[in-house]
Amino acid sequence: MRPMAWGPAIRLTRPATMSRRWIGAVQVVAIPMAYAAVAQPSGSQLSVMVLLAMALLLLFCLWRYNLQLKRQGAMMTQLLDHTPTPLLVLDPKGRIQGWNRAATRLFGWEPDSVMNEPVAKLLCAEPQQRRLTGMLSRLAREGHSLETEQLNCTRDGQPLHCQWHLQVMAGTVSEEVLILATVNDITEQKAVEQNWVRLASTDPLTGLANRRHFQSHCRDAVLRSQESGAPLTLLYLDLDDFKLVNDRFGHEAGDAVLAEVAKRLQGSLRLHDLLARIGGDEFVIVLEETDFERAEQLAGRIKQAFARAITLPGGERIHQGISIGLASSPADGSDADALINAADRQMYQAKQGKLLALSQANEVSA
């Protein structure tokens, strides 16, 4: 197959194939006629002239038709090159056979440098290359159209998120199936969508996961635990007497305490542990592949982290207590709601125990 970049674009269509066959037929007829007219040793002069005229007429028609094809090809090439959408033509193995100017503007490569290059290797990172190559091969065999999103990269390594529309084109000049790829850069659109997703799943004050994100993650974590048999533990945390902070120092101080609490909790966790704020002063931690004993050790480290005083925006220093309840799967529940309720009860009991101990201490001192 002869590479194109683009031209002539007429080669991509069925009429191009038919025109070449027609031209060949004219040549087969006209050239022998012209030779017979010139080389005929005998016969009337009128017959010679008729044969010669017919041959010249056929050759003239051939010349005109060839000229028309060239003009159409040049016009189609110009049209494709001035199309604002990046267009690529690929063979069934994913090698580039056509590349317009819009593709150069988007990806950075000039047409001459990409001809016959595998598009997956050129535009995709290693994990995506096999997927795209297999997709193109199946598409060429099945002969239909397909829309897909791809993580691509430019010549200078800039990542792009692109939407690809792939359409099989049968009946080309080489009788080999080609695939027309229309590419749209949706990087900015995806960034906006991801930002909305982040805002919808994030607590604006602390930057932690919110209740919605936590519930979804916890359900998935329970399923993973059931499938793998690995332990799963949930920690439910509640700040002690947090209302007094707001009442005495104001809501700005309360927000500062919550932000500091989130920071200290994150400092006690592993990267893959999930920490979420699910209420005013309520936090939860999802610990996958963690048994109850190791979760208790983590709870002890968290309590140690809150032994240090917290400095408020006004310069005041307070010691913020925290109560922790633990629940593990499957001992305390086989679904997310059961685990949350069990950990909440454990947290409430821990808080009540603190109040009882404080009351007894006050009675002794009195």
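User: What should the residues of helix α8 (residues 211–228) span, and how far apart are its end C-alpha atoms?

Analyst: At 1.5 Å a residue, the 18 residues of α8 should span 26 Å, and the end C-alpha atoms are 25 Å apart, which agrees. The expected span is 1.5 Å times one less than the number of residues. This is a predicted model in which local features need pLDDT of at least 70 and side-chain atom pairs count only at pLDDT 80 or more, while totals for chains, interfaces and linings use all residues. Residues are numbered from 1 along each chain as its sequence is written, and side-chain values use heavy atoms, with hydrogens and water left out.

User: Which residues of α8 are buried?

Analyst: Phe214, His217, Cys218, Ala221, Val222 and Ser225 are buried in α8. Buried means under 20% relative accessible area, exposed over 50%, and partly exposed in between (1.4 Å probe, protein chains only). The buried residues of α8 fall within an arc of 145 degrees seen down the axis, so they line one face of the helix. The arc is taken from the directions from the helix axis to the C-beta atoms.

User: What does the face of α8 turned away from its buried side carry?

Analyst: That face carries the exposed residues Arg212 and Glu227. Just after α8 comes Gly229, with a positive phi of about 80 degrees.

User: And α6, which of its residues are buried?

Analyst: They are Gln128, Gln129, Leu132, Met135, Leu136, Leu139 and Ala140. These residues cover an arc of only 140 degrees around the axis, which puts them on the same side of α6. Exposed residues Glu126, Pro127, Arg130, Arg141 and Glu142 sit on the face turned away from the buried side.

User: What covers the buried residues of α6?

Analyst: The cover includes helix α5 and the strands β1 (87–90), β3 (145–153), β4 (159–169) and β5 (178–185). Helices (H or I, at least four residues) and strands (E, at least two) are DSSP runs, numbered from the N terminus.

User: Where is Leu123 found, and what is it in contact with?

Analyst: Leu123 is found in helix α5 (residues 119–123), and at 0% relative accessibility Leu123 counts as buried. Neighbours within four places in sequence aside, Leu123 is in contact (heavy atoms within 4.5 Å) with Leu88, Trp99, Phe107, Trp109, Leu151, Asn152, Cys153 and Trp164.

User: How many aromatic pairs does the structure hold?

Analyst: The structure holds 1 aromatic pair. Trp99 and Phe107 form this tilted pair, at 6.0 Å centre to centre and 45 degrees between the planes. Rings of Phe, Tyr and Trp (its six-membered ring) pair if their centres lie within 6.5 Å; planes under 30 degrees apart count as stacked, over 60 as edge-to-face and the rest as tilted. Trp99 is buried, with a relative accessible area of 0%, and Phe107 is buried too, at 1%.

User: Changing topic, how many disulfides are there?

Analyst: There are 0 disulfides (pairs of cysteine sulfur atoms within 2.5 Å) in the structure. The sulfur of Cys153 is 7.1 Å from the closest cysteine sulfur, in Cys124, too far for a bond. For Cys162 the closest cysteine sulfur is also in Cys124, 9.0 Å away, again too far for a bond.

User: Are those two cysteines, Cys153 and Cys162, buried or partly exposed?

Analyst: Cys153 counts as partly exposed at 22% relative accessibility, whereas Cys162 counts as buried at 0%.

User: Finally, how many helices and strands does the protein have?

Analyst: The protein has 12 helices and 11 strands, and buried residues make up 41% of its 366 residues.
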